[in-house]
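Hello,

Here is the structure I promised to pass on to you. Please open it next to this email, so that you can look up each residue while you read.

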Amino acid sequence: MRLVEHQIEYGHRYDSFKLYYLTDLHLGAKACDEALLKRHIKRIQEDPFARWIGGGDFLDCIARKGDKRYNEETLAPWLAGVNDAVGTQRDYAIALLEPIADKCLAMIEGNHERAALDWYDRNIYAELCKPIAHKAGRTAEALMLGVQGYVKLNFAYRPLKAKGCFWSMTAYCHHGFGGGRLPGGHALALGRVLGDYDCDVAFMGHRHVRQHVEKAVTRVRRGKVELHERVGAFVASYLDSYIIPSSDRQPIASYAEHKGLPPGPVGASMLMIEPNAREFHLIPKLGKASTLRLERLDVLAADDEALAA
């Protein structure tokens with residue numbers, strides 16, 4: 001298990017940061033909602049206070065040769081006629097993510113990337129992370145967490161002349177594991193993670209569900225007993241549950257339909273971080289219907305800052 005740390009400086013006491021958790025993109029699958037993903041990438045790119053963590057399964061990693069999951073009808077149209085489907089998915093993902101490479105805090109290995117290593121002896125996870133890290137001017141080791149790890153953010157208020165960190169928060173990240181259909185099963189898994197790993201926030205994906213659990217604990221800091229609020233979240237994917245064919249084609253069954261899995265939400269989750277107040281707030285739903293709401297939050301934050309000034 002690895003730890004990566006980032007020093008983040010801010011110059012105004014009302015500055016707030018947005019930490020996006022992008023997981024289970026499944027680029028290369030026809031069911032991937034690329035339009036939504038591109039909208040979220042654009043938001044991150046245009047926001048100087050935005051950062052992101054990649055939660056794994058960036059690629060669908062289903063090859064035409066030797067993969068029992070292969071079904072030509074379920075591949076993205078841009079893979080038509082391509083021999084190296086997995087390599088093309090990698091290049092496609094790199095092209096999408098490079099514009100926000102400098103804002104990436106860490107990247108997790110998903111089970112689909114692991115499958116490429118187990119079945120084809122190809123470390124597609126490293127092949128994906130290295131160009132992103134290079135674009136950001138960092139080493140791959142500074143970005144790659146593997147299947148799980150910690151990301152520590154050290155916030156420094158730079159108008160103060162003192163050096164060092166003034167407030168830190170820690171995120172535990174895992175691609176996710178297990179499954180189940182009922183919300184109680186997801187809540188139990190999150191409760192176990194919050195009990196096993198010391199963190200402020202725990203992010204997981206894999207299950208293609210959206211659910212979070214809050215937990216308050218007491219702890220001793222600087223000789224005082226204080227209440228500490230923590231949160232764990234399963235973050236949704238960008239993979240739609242169904243593939244809608246054109247009217248003149250036969251029905252196309254997705255993997256989820258074959259396995260009898262229930263429909264799941266699409267999108268990301270985001271953490272609003274206010275370092276000067278030493279607070280963070282989880283916004284679980286960042287999907288198709290929540291974009292306007294988030295833009296409204298930006299307007300309100302700007303209004304608050306203007307009033308405070």
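Below are some notes on charged pairs, a surface patch and one histidine.

First, a word on the source: this is a predicted model, in which local features need pLDDT of at least 70 and side-chain atom pairs count only at pLDDT 80 or more, while totals for chains, interfaces and linings use all residues. Residues are numbered from 1 along each chain as its sequence is written, and side-chain values use heavy atoms, leaving out hydrogens and water.

Let's begin with the salt bridges. Side chains of opposite charge can pair when their charged atoms come close. Here a salt bridge means a side-chain nitrogen of Lys or Arg within 4 Å of a carboxyl oxygen of Asp or Glu. By this rule the count comes to nine.

One of them joins E127 to R90, with 2.5 Å between the closest N and O atoms. This pair links distant parts of the chain, 37 residues apart: E127 lies in helix α4 (residues 124-135) and R90 in helix α2 (residues 85-97). Helices (H or I, at least four residues) and strands (E, at least two) are DSSP runs, numbered from the N terminus.

Are these two residues buried or exposed? Buried means under 20% relative accessible area, exposed means over 50%, and partly exposed is in between (1.4 Å probe, protein chains only). R90 is buried because its relative accessible area is 18%, whereas E127, at 27%, counts as partly exposed.

E109 pairs with R114 at 3.1 Å, N to O; E109 is buried at 7%, and R114 is partly exposed at 36%. E226 pairs with R219 at 2.9 Å, N to O, and both are partly exposed, E226 at 24% and R219 at 26%. Elsewhere, salt bridges that share partners join D84, R90, D91, R122 and E127 into one network.

R221, R222, K224 and R278 form a positive patch. Patch residues have over 30% relative accessible area and no salt bridge, and like charges are joined within 9 Å. K224 belongs to strand β10 (residues 224-234), and it counts as exposed because its relative accessibility is 61%.

Finally, find H186 in helix α5 (residues 183-196). H186 is buried, with a relative accessible area of 4%. Which residues does H186 contact, leaving aside its neighbours within four places in sequence? They are G179, G180, R181, R207, V209, Q211 and F234, where contact means heavy atoms within 4.5 Å.

Enjoy exploring!

Best wishes

Notes. Patches are made of residues with over 30% relative accessible area and no salt bridge: like charges are joined within 9 Å, nonpolar side chains (Val, Leu, Ile, Met, Phe, Trp, Tyr) within 5 Å. Accessible areas come from the Shrake-Rupley method with a 1.4 Å probe; for residues, only the protein chains shown count as cover. Lys and Arg count as positive and Asp and Glu as negative; His and the chain ends are not counted. The place of a charge is taken as NZ of Lys, CZ of Arg, CG of Asp or CD of Glu.
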